[in-house]
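Biologist: I am new to this structure. Please walk me through it.

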Amino acid sequence: MSKKQNVKEKTQSLTRRQLLKGSAAGAATLAIPVGTADASVWQAFFQKHFNELDKDEMARVIERLEKEYKKDYGVDFNIETSDAKPDVLFGYGLDLSRCIGCRRCVYGCVRENNQSRDPQNHWIQVLRFKKGETWVHDLEGSEKYYEPETVPEEGYFYMPVQCQQCENPPCVRACPVRATWKEPDGIVVVDYNWCIGCRFCMAACPYGARHFNWSKPQIAKEEINPDTHYLGNRPRFKGVVEKCTFCIQRVRRDPGTYPACVEVCPVGARKFGNLLDPKSEIRYCIDNKRVFRLKEDLHTSPKFYYFFAT
Amino acid sequence: MPAYPIRNFFIALKEITRGNKYYFMWVGFLLTCITIGLIAYAGQLKDGLIVTNMRDQVSWGYYISNFTFMVGVAAAAVLLVVPAYIYNFKPIKEIVLFGELMAVSAITMCILFVMVDVGRVERLWHLLPVIGILNFPASMLTWDIIVLNGYFMINLCVSLYVLYKMAHGTVYNEKFIKPLIILSIPWAVSIHTVTAFLFIGMSSRPFWNAGILAPRFLASAFCSGPALMLIVFQIVRKVSKIDIDNKAIFKIGELVAYAMGINLFLFGAEFYKEFYSATSHAAHMEYLYFGLHEHTTLVPYMWTAFAFNLTAFFLFLLPKTRENFITLNLACVLIITGVYIEKGMGLTIPGFVPGVLGEIYEYFPTITERLVSLGVIATGGLVYTLLVKLAIPIYTGELRFQTKDSPTKPV
């Protein structure tokens, strides 16, 4: 970001803060006679963009959200707000010759990232292709709803697709309110409290990686994962967009852990690591395998590499 | 505080609350539709957009389709402004105000259609300058918000200023409004261009990712809006003392014919490109006109639209049918329906079918979506009705506002 823009944003946020203070005070007086209206409703309404919260405001927001989630799900939540680590750019590898299409990654992701169970929201889509037919340039031949007794099936192969964490993400450009952006470690995130739900980003994404909460997400209390990150797997709201974040809550830990899909894959088809570290496994794959990226012609420059291990 | 502005307000209020039984039946009908729409929208607010048939595969549906169509209707004004002010064609100059009022109500509908489409309507303040964050200039949606609101303001200012001056029995200052009117011409072009760019800019969707979309937007916009105007003019002429010259009506009809001719030509060019080269990108057009893997929901609609547009083109083009009110009105209805299908669902849905991962999800709006849209259109209709109801007597000189010199007698 240029210096000029930085300065501009600072002055903007100042005036915004003052204005908001005034309007929040006004709203508070409005809220009192209503009686039943909880102050947190107004705090949620006037909550600022994640990147504009100062330390105190952030603490208050987290406290409020943890309280709200506890009320909804009956579990104590921990919401991290950790920043990107220096000199890290996350990259992902997927070995197509190993994938057996079992969808354990799909449901591992659902559990880890608190996706809605009703209606179901899946951040990973596994496409099935018939061997010998056109595929990567004509995904129309793919089947997403395959349901065999056992996998892998004779004569088919599988390609899981999730957010490709583009270096040049068309979704970020589309958002009219900057509710989605690319973090310094390369992860594209969404502020679920700032998203207005216009779904422009979903139309702009060439990988079908963005998903909308068409209704209030439903998750059973006992299935909730309370270890969350603000920009990742904390429970979402009705009417906002969500997406894969490479399990930001796991990979930003110290020491980091693999994304849930990498961990759950029974055949080791999934690789993950720091693209800036020449000794990482992902770099080894890129340097030694024949890799390709999905829809290279669109110049989105994904950080998600498909390859064949042989 | 002088009393006359308040009294003038009541004069205006009185004007729109009185009328014959047809006026009340019409307003009552619109209010009923609005109420039905509001009830449907309340259900959508409560349960979320799950009550629509939109899903991740087709993430924009009937609301955005209606939005794009209404952006086109807003062009009605400019097709009157150009002959009126650039070529000083007197018959049209007298009625240009009705076009500007239509632009105002069309943009009102556009804004409402976006509002009913978003998932978190209470967060729309995030779009406001200063207190929100506008992702300008990167996001084409922010450009659209700016140009649509600008067009709304220009037309509202011009029409209200002219009405205000007329209501006081004075002549408006052309030096003051002429620059605004001239500005409204490129601005009208910009609302279509930017709305088209919103779609064109998405490399993820080959159906929209074609430059021809912008000129096609303009061409079809100059069909639907003016055709609607032609019907309105005939009603205004019938129910009021305003005399609208036949010459104006026929001239507008002729302009619509040219616009539709260009639209059909551009359509042919697009059709040829897709099917002669027959790449995988032709799948969207194939879905639209022939069906894809036995999915044919939109096919009958698209051929209907094509037949309507083609018939209307000839009816508007031939002086004999253009100057016969039966065939003229038939042509108007055909062209409005045709463009509504083509620039509505016919534009939005195939962008998503087949989807980016090749999936075919067939979309058709639910009852809720249709009722909410009905409510929005009725709101636009009501805004236009009330504005015109007030404008007509001001136009004919039957209604005059009081000034501070007027005798203070009760209204």
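Biologist: How many residues does the contact take from chain A and from chain B?

Modeller: This is a predicted model, where local features need pLDDT of at least 70, side-chain atom pairs count only at pLDDT 80 or more, and totals for chains, interfaces and linings use all residues. Residues are numbered from 1 along each chain as its sequence is written, while chains are lettered from A and ligands numbered from 1 in the order in which they are written. Two residues are in contact if their C-beta atoms, placed from the backbone, lie within 7 Å. The count is 47 residues from chain A and 38 residues from chain B.

Biologist: Which elements give two or more residues to the side of chain A that touches chain B?

Modeller: Helices (H or I, at least four residues) and strands (E, at least two) are DSSP runs, numbered from the N terminus. The elements of chain A are helix 1 (3-34), strand 3 (125-130), helix 5 (170-174), helix 6 (200-204) and strand 7 (210-212).

Biologist: What is that side of chain A made of, by class?

Modeller: Ala, Val, Leu, Ile, Met, Phe, Trp, Tyr, Cys and Pro count as nonpolar, Asp, Glu, Lys and Arg as charged, and the others, Gly among them, as polar. The side of chain A that touches chain B has 27 nonpolar, 11 polar and nine charged residues.

Biologist: How many helices and strands does chain B have?

Modeller: The C-alpha trace of chain B spans about 75 × 55 × 40 Å along its principal axes. Chain B has 16 helices and zero strands.

Biologist: How are helix 7 and helix 8 of chain B oriented to each other?

Modeller: Helix 7 (residues 140-167) and helix 8 (residues 174-200) of chain B pack with their axes 9 Å apart, at an angle of about 150°. Axes are lines fitted to C-alpha atoms, for helices over the stretch in contact, and angles run from 0 to 180 degrees between N-to-C directions. Angles under 35 degrees count as roughly parallel, over 145 as roughly antiparallel, 65 to 115 as roughly perpendicular and the rest as oblique. Helix 7 and helix 8 of chain B are therefore roughly antiparallel.

Biologist: Which residues of helix 15 of chain B meet helix 3 of chain B?

Modeller: Helix 3 (residues 62-73) and helix 15 (residues 345-352) of chain B pack at an angle of about 135°, so they are oblique to each other. From helix 3 of chain B come B:Tyr62, B:Ile64, B:Ser65 and B:Thr68. In helix 15 of chain B they meet B:Met345, B:Leu347 and B:Thr348.
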